[in-house]
Amino acid sequence: MTTTTSMTPPSSPPDTTVKKPGRMRRPKSARAGGQMHAGPIAYVILALFTIGSLFPLVWTAIAASRDNNRLAQTPPPFWFGGNLLDNLDIAWNDANLGEAFFNTTIVAGTSAATVVFLSTIAGFAFAKLKFRGRGAMMLIVIGTMMVPPQLSVIPLYMMVAKLEWTDQLQAVILPSLVSAFGVFFMRQYLIQALPDEIIEAARVDGASSWRVVWHVVFPAARPAMAVLGMLMFVQTWNDFLWPFLVLSQTGNPTVQVAVAGLGRGYTPDQSLIMAGALLGTLPLLLVFAIFGKQIVGGIMQGAVKG
Amino acid sequence: MATHDTAAPPAKEGGAAPGRPPAGPTGAERRRARLSRRWQRDMRWSPYAFVSPFFLLFLAFGLFPLIYTGWASLHQVEMTAPTDMHWVGLRNYTRIFDDDFFWNAAKNTLTIGIISTVPQLLMAMGLAHILNYKLRASTFYRVAMLAPYATSIAAASLVFVLLFGRDYGMINWALDFVGIGPIDWQSDKWPSQIAVSTIVIWRWTGYNALIYLAAMQAIPQDLYESAALDGASRWKQFIHVTLPSLRPTILFTVVVSTIGATQVFGEPLLFDANKGASGGSEHQFQTLGLYLYEQGWVNQHLGRASAIAWTMFLILIVVGIVNYVISRRLRASS
């Protein structure tokens, strides 16, 4: 067994040579198109769009800080009232949001981690390994991206009903582990981010394919894996149709099921509904506030190649 | 045992030999042969090992359900006994095509799709053009425009229900200033479809703008410089340089938006919380996605719901073929 350690000469460990965290961002020199400075009109339009994007979110918080009576008056409120904490508290308990947050974190976390892992190894195989059927399989992956999951819900629902998995989290997790987009995304990234020579070098050192993945591919893919993980987390967190079909508000809801249940309940207290919507959105808005730049970069990165 | 095959063939020559009879070298050779065989097996099969988890999951949760939907659409299946299937041939399809609500839902899906997609992509294009200028705080605008994308359908729909409220909603309050009387955004057909589309537009414009922006940044600068030398105005440059370069991206976003538009579900479901699956009291904003849900989960006819899903699938295939033909034409012409 000592042979395994003699594999990689300490002088040139393959994993340190490929770490280039700056890869995700495009070099400034490649930017082109409009390097002209923006005029005042451009800033006005941008300001309008920014307000349009953010206003409904801010107003959610404003409405959540009022009460039902105030929301049934004109003009509508434009500033915060004093009910925010009370409403958040009631919505949290009424909508079962504590459990919902816990469930959604498990679902989105498991799904994102699995998708990232499986997409990275599959993306690596499609990007760098030669095997029979590669082209055809890649076509299937791309074709899969075009088929909306909504069309498959009926047999999935029959399966879940037969296994008596309704109201159980695995019913939501399992179908969310497949992401053709993830495979495509990682393939596009690894094609340009992972030089063939490094794989060759590891091969010459006698590394098996699995060791190559572990010591060469994963370090090189880390930035893209982070972005894909965030995109998948957001997507699974916000998933609505399938969780809505198999989970109920009282049994193991995800956040979206719980929030939607608030709106469909018998107590149409609008300020409470807004409080629930606010709570359901807040975690992701925080993620975006912190990692916004990386997420923007990731979406743009995926777009150029797509 | 997985660690064994990682040994480099020539690494151990002296180690195993001491005290061995002349059979030693052949033993080493045998090991070397074994290792290289293992090596070849690794090179040959590991790609399949890497892609197989994805394909196995895809088979189980993607392909199989899709095909089984087609099979179920030829049967009578009720929600109460999902395993009890009776062959009915194409009757589910004839039933659907005879149902006025199906055509109503198909029309609504089409109009909501157009109202939501066309302005969305046009605005995204303009926005991307502006974001492509040198800007102060450019990251801030990009993140701000992506905030709706981070908002779930459920939360967004619930807020817009309030904003579009007939009596106390902010939008009617603002319209009042320009002399437009209170609009019933829920019961009237076109206003309700515009309101539902607004939710879609709000959530996706910023995302599409980023995709266009990425494509714009990949256009080589010298194309603009030579256009400027020829005396082309900024507008002309946009028409003759930017748009042609963005063709594949535009096609991509159109396809993705079309797929999204065929399956609009949560927005209309939550837009009238009391009516739920019917999409308004007169079905005025019931989409195909909602119609599928109504047939399958409210009326409990899973077979008929499968027929709706399969019909939607066929529509998407037609869209895909049209898209393929158009993109080939475009490539041939340029």
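This is a predicted model: local features need pLDDT of at least 70, side-chain atom pairs count only at pLDDT 80 or more; totals for chains, interfaces and linings use all residues.
Helices here are DSSP runs of H or I with at least four residues, numbered from the N terminus. With that settled, α11(B) is followed by Q300(B), whose phi is positive, near 65°.

Is α11(B) mostly enclosed or mostly open? This helix runs over residues 288–298 of chain B, and nine of its 11 residues are buried, so the rest of the structure largely encloses it. Buried means that 20 or more other C-beta atoms lie within 10 Å of the residue's own. The buried residues are L288(B), G289(B), L290(B), Y291(B), L292(B), Y293(B), E294(B), Q295(B) and G296(B). Their cover includes α7 of chain A. From chain B, the cover includes α3 (100–131), α9 (234–262), α10 (266–271) and α12 (302–333).

Next, the contact between the chains. On the chain A side there are 92 residues in contact with chain B, and on the chain B side there are 87. Several helices of chain A give two or more residues to this side, among them α2 (40–64), α5 (97–128), α7 (153–162) and α11 (209–238). Which element gives the largest share? That is α14(A), with 17 residues. Sorted by class, the chain A side has 59 nonpolar, 26 polar and seven charged residues.

Now chain B as a whole. The chain is divided into domain 1, residues 4–72, and domain 2, residues 99–333. The C-alpha centres of these two domains of chain B are 48 Å apart.

UniProt, in an unreviewed entry, lists residues 106–323 of chain B as "domain: ABC transmembrane type-1". In the model that span is 75% helix and 0% strand, with its end C-alpha atoms 20 Å apart. The UniProt entry, again unreviewed, also places "transmembrane region" at residues 45–68, 110–131, 143–165 and 307–326 of chain B. Taking two of these, residues 110–131 of chain B are 100% helix, and the end C-alpha atoms lie 31 Å apart. Residues 143–165 of chain B are 83% helix and 0% strand, with 29 Å between the end C-alpha atoms.

Last, confidence in chain A. Its mean pLDDT is 81, and 85% of its residues reach 70 or more.

Technical notes. Residues are numbered from 1 along each chain as its sequence is written. Chains are lettered from A and ligands numbered from 1 in the order in which they are written. UniProt positions are given in the numbering used here, feature names are shortened, and annotations may be inferred rather than shown by experiment. Two residues are in contact if their C-beta atoms, placed from the backbone, lie within 7 Å. Ala, Val, Leu, Ile, Met, Phe, Trp, Tyr, Cys and Pro count as nonpolar, Asp, Glu, Lys and Arg as charged, and the others, Gly among them, as polar. A residue is buried if 20 or more other C-beta atoms lie within 10 Å of its own, exposed if 12 or fewer, and partly exposed in between; C-beta atoms are placed from the backbone. Domain bounds come from an automatic or database domain assignment. pLDDT is the predictor's confidence in each residue, from 0 to 100.
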